[in-house]
Structure formats: C-alpha cells, structure tokens
Amino acid sequence: MEKLDQYRQYIKQILEYYAQFKPSYGDLNMQLIFDEKRDSYQLMTIGWLGYDRYHGSLLHVEIKDGLIWIQHDGTEGGIANELVELGVPKSDIVLAFHAPYKRKFTGFATGLPVT
C-alpha cells in the first residue's frame, strides 16, 4: 500500500509540474483531473484556438494491479523516464500507448498476463 501511495504522489507531482505551463498560443488552459478512487490521473488542454475549440489530453496515467499504466503521453521527454528517475522500477510501468505485442521491446512492463 505504501508503494501505491508513493506512486500516486509521483504521478500527481509530475502532472502538477506540467500543468503550470500555459500554452503560449490561443486561449488555452491546463486542467488537472485526479480521480483517486479509480486511480486515474489526467492533464487536459482546454480552450480555443481562434474560432476552433480545443479539448485534448496531454497526459493520462492510471494505476492498475500495482502497475503504472501510461495511457497517453504528449510530452517530449516522456513521463516514464521521469518516473524511473524518481525510483519507480521499469517493471512497474506499462507504456499502454504501445500495442501489447510491442511492449516486450520497450524495456518496461507489458501488463500482459504471464503464460
């Protein structure tokens, strides 16, 4: 349980860091969405680009079965690397945006049942 609490803090810390950067174009804002009951954490970009509405996820991370699942990562450096720098083992991080058959080549967890 202590490990999961630490993972939750790391995820929130990283998302809060990125949330402080408002895009320099358009009338866009960053919005954090933390659903701690379901262990789902998102950073959204919401607003207007001229006459166009913009509503998109910059980061989406979940914790499932003791693993950190990165569902979407719109950062340049990749938050998986930031989690590793904080001490999370690669074996506890799933790059869920990769197809399941490709995950075994990433060096991170696959999130697939062991057969």
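The model is predicted: local features need pLDDT of at least 70, side-chain atom pairs count only at pLDDT 80 or more, and totals for chains, interfaces and linings use all residues. Residues are numbered from 1 along each chain as its sequence is written, and side-chain values use heavy atoms, without hydrogens and water.

The protein has two helices and five strands, taken as DSSP runs (helices H or I, at least four residues; strands E, at least two) numbered from the N terminus. Along the sequence the pattern is α-β-β-β-β-α-β. The accessible surface comes to about 7,200 Å², and 51% of it belongs to carbon and sulfur atoms; areas come from the Shrake-Rupley method with a 1.4 Å probe, and for residues only the protein chains shown count as cover.

There are 12 positive and 15 negative side chains, with the centres of the two sets 6 Å apart. Lys and Arg count as positive, Asp and Glu as negative, and His and the chain ends are not counted; each charge is placed at NZ of Lys, CZ of Arg, CG of Asp or CD of Glu.

Y25 lies in the loop between α1 (2-19) and β1 (27-35). Y25 counts as partly exposed because its relative accessibility is 49%. Together with L49 and Y54, Y25 forms a nonpolar surface patch of about 290 Å² accessible area. Such patches take residues with over 30% relative accessible area and no salt bridge, joining nonpolar side chains (Val, Leu, Ile, Met, Phe, Trp, Tyr) within 5 Å and like charges within 9 Å; a salt bridge is a side-chain nitrogen of Lys or Arg within 4 Å of a carboxyl oxygen of Asp or Glu.

Methods
Buried < 20%, exposed > 50% of the residue type's maximum accessible area, 1.4 Å probe, protein only.
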